[in-house]
Amino acid sequence: MDPNALAPRLVVAAQQSCAGLPLAREWFIAPTLLLVLTAALLFPTPGAAATITVYTDRDPAVLQESFQLTFEATGSVDGDPDFSPLEQDFQVLSTSTSTSMSIVNTQITSTKQWRLALMPLRAGELIIPAISFGKDQSPQATLTVTPARGGASGRDTIFLNVQVEPQVIHVQQQAIYTVKLYRALSTSNETLSEPALDQGRAIVELLDADRSYNTFIQGQPYSVFERSYGIYPQVSGDLLIPPVRFQAQLSSGAHFSLDPFGAGASTVVRQSEPVQLQVKPVPVAYQGQYWLPATDVKISETWSTDPNGLVSNEPVTRSLVLTAQGLTASQLPELPELFPAGFKQYPDKPALDNGNSADGITGTRQQKNAIIPAQAGAYTLPEVSLPWWNTQTQSLEYAVLPERRIQVTAGAAPASATGLEAPVLPAPTGAAPGAQQAAPLMGEVGAPASSASSGMALWQWLTGLLAVAWLSTLGYLLKTRRSLPGQTPPAPPARLGEARKKLARACRDNDPEQVKTALLQWATARPQGPPITSLGDLAQHSNEQLATELRNLSRCLYARSAEPWRGEPLWQAFLQEEQASAVAATPAHGELEPLYRL
């Protein structure tokens, strides 16, 4: 029997049986009714068909604005709903459910609602298809969707505006993409997408912090949200920047609402227009080793001490700073640092930094190099020149650091420069006549006889002092000689082996940055050989195969090659070079070791 029909009979029977007992009737009816209601909810009537209705909160709806679609089922449905047919013409933004129960004249009714926030995908007369709830099914409905209101001229309350400058650029040149969001209404739960480009086609960098300000359009006040990106195309040809998308919730009522769950809020979506860039290849007139399209490139230097006051065998730090407007720091190449023979170099890891602003990115590369001049004298550091492409004048230019004259003074004065002359000892008997006349002159001024012996003691004391100074100077010169170029004591084998292991690991991982670091560490740790500060220096002292792999590594690091770099060929070339150097370094019987070993 249907529990819904049984419930009234149970209640009436209970009332009749307890008619003579007022207190017992009140005590019995309440829990009995609660038991009946619970049974009706937990054990619904089998085979009772649910009634499903469909309605929207607005008709017509507006394209790019959400509306609410509600499915209401009275009674128990056969299963969970399948809303996938809606995705043909609508985007499902959110789904929520609620259940209610009512009792009218002891008749219990259960109602369940499914509320969906939908976004129309096109304008026109759209069909809301029938939705299956197991074996139950909702009726089909129709909805009219009108086109979205046009931009600011149509007094739209929310719209997007995008622009890119310039629209014709060269490959790897910076283009500034600016997004402006105009709102005449307050919104919440806002999301703004970024320009999504295919991987490998372009690099997108956020330029600076977001900006907000107010403006008026045809007398209508708007709050403006502005965001800028730097776009760097990696291949030539036409580049399409897809639209960005703004989504937020907009309250349907006034500025104040008592609904804490946003049930009365609607979702709005705005989409910008796509933008197309024309990307040209590297100009034929550009013959530089590194492609640097920028608006300005400069090279500067700083010294830890005055370059005209350097002292031999004392370290000093020289920093070269390369700055480029419109390029990131990772696009900047390594600057060559050339020093005269006899200068030892100890390069530091370069420091890269990007300065972001609304005008674009300014990349900075700082190279620090500790140098030790071995000998005093005047030296000339050669000019540093770097070609780059001026994107404003479309011409080839050069960033130049002029040559510099430096003066190095001696760090340790020799014994002859101490300011003490050798003492003049008394002339012995039988000396030249001129020398014999010196002794009587002292007696003529009244000098006592004991003054001669005290003077002799003074000269002996000075002679001993000079001997000690000479021995100290000799020891210092011997120590200094060991630190001259070519006389550096061998590095501990652990340092050389550690650098070699690091190189093998970096080649296995195909990591070009770590390979470069390991190679320079290995070159610095060698017991002999000329100073190596860059991959170019190492290539000049390597065989042809290793030099070729080093050039490929430099192109990967600084020329932004599109092909992935592989470390196995370089490692094999390194092993061959190392084996050949070991054979050449083994002296034959009766021969001296070579002056230079790789």
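How many salt bridges are there by the rule of a Lys or Arg side-chain nitrogen within 4 Å of an Asp or Glu carboxyl oxygen? The count comes to 9 salt bridges.

## Basis of the model

This is a predicted model, in which local features need pLDDT of at least 70 and side-chain atom pairs count only at pLDDT 80 or more, while totals for chains, interfaces and linings use all residues. Residues are numbered from 1 along each chain as its sequence is written, and side-chain values use heavy atoms, with hydrogens and water left out.

## Salt bridges

Side chains of opposite charge can pair when their charged atoms come close. Helices (H or I, at least four residues) and strands (E, at least two) are DSSP runs, numbered from the N terminus. R122 is partly exposed at 40% relative accessible area, whereas D89 is buried at 11%. Here buried means under 20% relative accessible area, exposed over 50%, and partly exposed in between (1.4 Å probe, protein chains only).

In the salt bridge of R211 with E226, the closest N and O atoms are 2.5 Å apart. R211 belongs to strand β15 (residues 211–217) and E226 to strand β16 (residues 220–233), and the two residues are 15 apart in a pair that links distant parts of the chain. R211 is partly exposed, with 25% relative accessibility, and E226 is buried, with a relative accessible area of 11%.

A salt bridge between E578 and R500 has its closest N and O atoms 3.0 Å apart. E578 sits in helix α10 (residues 568–585) and R500 in helix α6 (residues 493–508), so the pair ties together parts that are 78 residues apart in sequence. E578 is partly exposed at 25% relative accessible area, and R500 is partly exposed at 32%. Salt bridges that share partners also join E301, R318 and R404 into one network.

## Nonpolar cores

A nonpolar core is a set of buried Ala, Val, Leu, Ile, Met, Phe, Trp, Tyr and Cys residues joined through side-chain atoms within 4.5 Å. The largest holds 45 residues, of which Y177, V179, L277 and I299 touch the most other members. Another core, of 25 residues, lies apart from it and includes A506, V515, L520 and L546.

## Strand pairing

Which strands make up the open sheet of 4 strands, and in what order? The order is β1-β3-β5-β4, with antiparallel pairing; two strands pair if DSSP finds at least two bridges between them. β1 (51–56) and β4 stand at the edges with a single partner strand each, so one side of each has no neighbour in the sheet. The twist averages 15 degrees from one strand to the next, with axes fitted to C-alpha atoms (for helices over the stretch in contact) and angles running from 0 to 180 degrees between N-to-C directions. The antiparallel pairing of β1 and β3 runs over 6 bridges, and T53 stands opposite E72 in β3.

Strand β24 (residues 316–325) is mostly covered, with 7 of its 10 residues buried. Strand β22 (residues 296–303) runs antiparallel to β24 and is joined to it by 8 bridges, with S300 opposite V321 in β24. β24 also pairs with strand β27 (residues 360–373) in the antiparallel sense, over 10 bridges, and S319 stands opposite K368 in β27.
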